[in-house]
Amino acid sequence: MSSEALSGQIGMLVDNLRKQKSANLSLTEVASVTEVLIATTQMFFKTIDTSIYNEFRSLSDYITNARKEIASLQPGDLESERIPRAGLELDAIVQQTEEATNTIMNAAEDIMAADTSDPDAYQAAVNDAVMLIFEACSFQDITGQRITKVVETLSHIEQRVMELRNLLGVTEEDIEEAKAEADANPVEIDEDQALLSGPALEGEGIDQTEVDALMGVKKAPNPEAAPVEKAAAPVASQKPVAKAKPAPPPAPEPPKPVDPKQLDNMFEEDFDPVADVAAEEKAKAEEKAKKEKAAAAAAKEKAPAPKEEKNVEMPEGEEVSQDDIDALFG
Amino acid sequence: MAVDLDMPILIVDDYKTMLRIVRNLLKQLGFNNVDEATDGAQALEKSRARQYGLIISDWNMEPMTGYEFLKEVRADNQLKDTPFIMVTAESKTDNVIAAKKAGVNNYIVKPFNAATLKTKLVAVVGDF
């Protein structure tokens, strides 16, 4: 019985009593009216109890199911295993690429510093350096495998988030609503931070020509300038300005006329005239260091064993070193 | 007995860069007769078509891994005696033991250097 029906029922009884003169009411009449009243309210409260109980029961079942399903998503596995592992893989990638780059640059410097007066010795020095470069390039394989693992972790997280979304009954409308709300109240980001989009993917960002166009630089009239411009492209072109894609045309009212050559020079590596002197001195010092390094490299040549150990060490967890493997193979 | 530097060698890796590295290291060591495959299935096909003096294979490849390839090689009467070196980043004890049980002749952990490669080659095919 609904609350409206109850109040209607009671109202009828009261009207009934009012129609009769209360002074003439017998005890039996009052008792019967009271009985009707009690029966009616009992029915009402019984209905209320059942509906509330059912509501709570269904809520309890929902929470129990949600707990079970969230547990089956194994969030602990993500937190304790996969995410930390992915972090370690990324750290290792940074470290290995850095080591490989250093090895390659050292080898290249050794080649540049090699003494050409003795062709045989020169050939040997170049061969050794080239071998080091080949070895160092194997980082690509290793980092590729590490990145694959990180991507797998991200896919795993994505899948779990989708499952959680479905579990909680989040609809596309909810998402749109949340998105609109977020758009309406954007989080304030530091302007400098907003410029840091990181390296662009292929097809993203703008190339050097577009950068030059934005900067108002005409194409370098000097043919010698071209290689410099090209060389600068991979560094300067893409990344930080990636978000500047809807490039507006250059400002219609340039405050000062700019000499294109001067601007081109600003983007050349050796723009700083003061740095030139310092660079010359640095180059001399480096040349000296290279010679010493070449001598050291020649000495190293006779002792390759320690190098081997250094390159193959993988001591973490269950991983075994090349030495352990060698022992296994006798 | 000295190794014939002209013996055909099959190198298997799904990373082209790695194939190039191993090929160049072998070249530096004097081996010029080198074939390439990019997964176990292709390697198996090639090794059935030509008799190689040595197989150097990665482990982690699709669709057929180097481990499966190794087992196929050892199960094949014509190929079972081909020296097989596993060169892989899989450096857990379980991997090494499994490979050894499957009949691998030696196992090199990536990253490796020319000296390591040479040592293993000598251990497997003899001095050169």
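The face of α4(B) turned away from its buried side carries two exposed residues, B:Asp94 and B:Lys101. A residue counts as buried if 20 or more other C-beta atoms lie within 10 Å of its own, as exposed if 12 or fewer do, and as partly exposed in between, with C-beta atoms placed from the backbone. This is a predicted model, in which local features need pLDDT of at least 70, side-chain atom pairs count only at pLDDT 80 or more, and totals for chains, interfaces and linings use all residues. Residues are numbered from 1 along each chain as its sequence is written, while chains are lettered from A and ligands numbered from 1 in the order in which they are written.

**Chain B overall**

- Chain B has five helices and five strands; helices (H or I, at least four residues) and strands (E, at least two) are DSSP runs, numbered from the N terminus.
- Read from the N terminus, the elements of chain B follow the order β-α-β-α-β-α-β-α-β-α.
- Of the 128 residues in chain B, 46% are buried.
- Two residues are in contact if their C-beta atoms, placed from the backbone, lie within 7 Å.
- Among contacts in chain B between residues at least 6 apart in sequence, those joining residues at least 24 apart make up 63%.

**Helix α4 of chain B**

- The buried residues B:Asn95, B:Val96 and B:Ala99 belong to α4(B).
- These residues cover an arc of only 95 degrees around the axis, which puts them on the same side of α4(B); the arc is that of the directions from the helix axis to the C-beta atoms.
- The cover over the buried residues of α4(B) includes α13 (322–328) of chain A, along with α3 (66–75), β4 (84–88) and β5 of chain B.
- After α4(B) comes B:Gly103, which has a positive phi, near 105 degrees.

**Packing of α3 and α4 in chain B**

- The axes of α3(B) and α4(B) come within 9 Å and cross at roughly 15 degrees; axes are lines fitted to C-alpha atoms, for helices over the stretch in contact, and angles run from 0 to 180 degrees between N-to-C directions.
- The two helices, α3(B) and α4(B), are therefore roughly parallel to each other (angles under 35 degrees count as roughly parallel, over 145 as roughly antiparallel, 65 to 115 as roughly perpendicular and the rest as oblique).
- Their crossing is left-handed, a term for a near helix turned anticlockwise from the far one by less than a right angle, with clockwise being right-handed.
- B:Tyr67, B:Leu70, B:Lys71 and B:Arg74 of α3(B) meet B:Ala98, B:Ala99 and B:Ala102 of α4(B).
- This contact has five nonpolar, no polar and two charged residues; Ala, Val, Leu, Ile, Met, Phe, Trp, Tyr, Cys and Pro count as nonpolar, Asp, Glu, Lys and Arg as charged, and the others, Gly among them, as polar.

**B:Thr65**

- B:Thr65 sits in the loop between β3 (54–57) and α3 of chain B.
- B:Thr65 is buried, with 20 other C-beta atoms within 10 Å.
- Leaving aside residues up to four places away in sequence, B:Thr65 touches B:Gly40, B:Trp59 and B:Asn60.

**Where chain B touches chain A**

- The contact takes 25 residues from chain A and 24 residues from chain B.
- On the chain B side, α1 (16–29), α4 (93–102), β5 (106–109) and α5 (114–125) each supply at least two residues.
- The most comes from α1(B), with six residues.
- The side of chain B that touches chain A has twelve nonpolar, nine polar and three charged residues.
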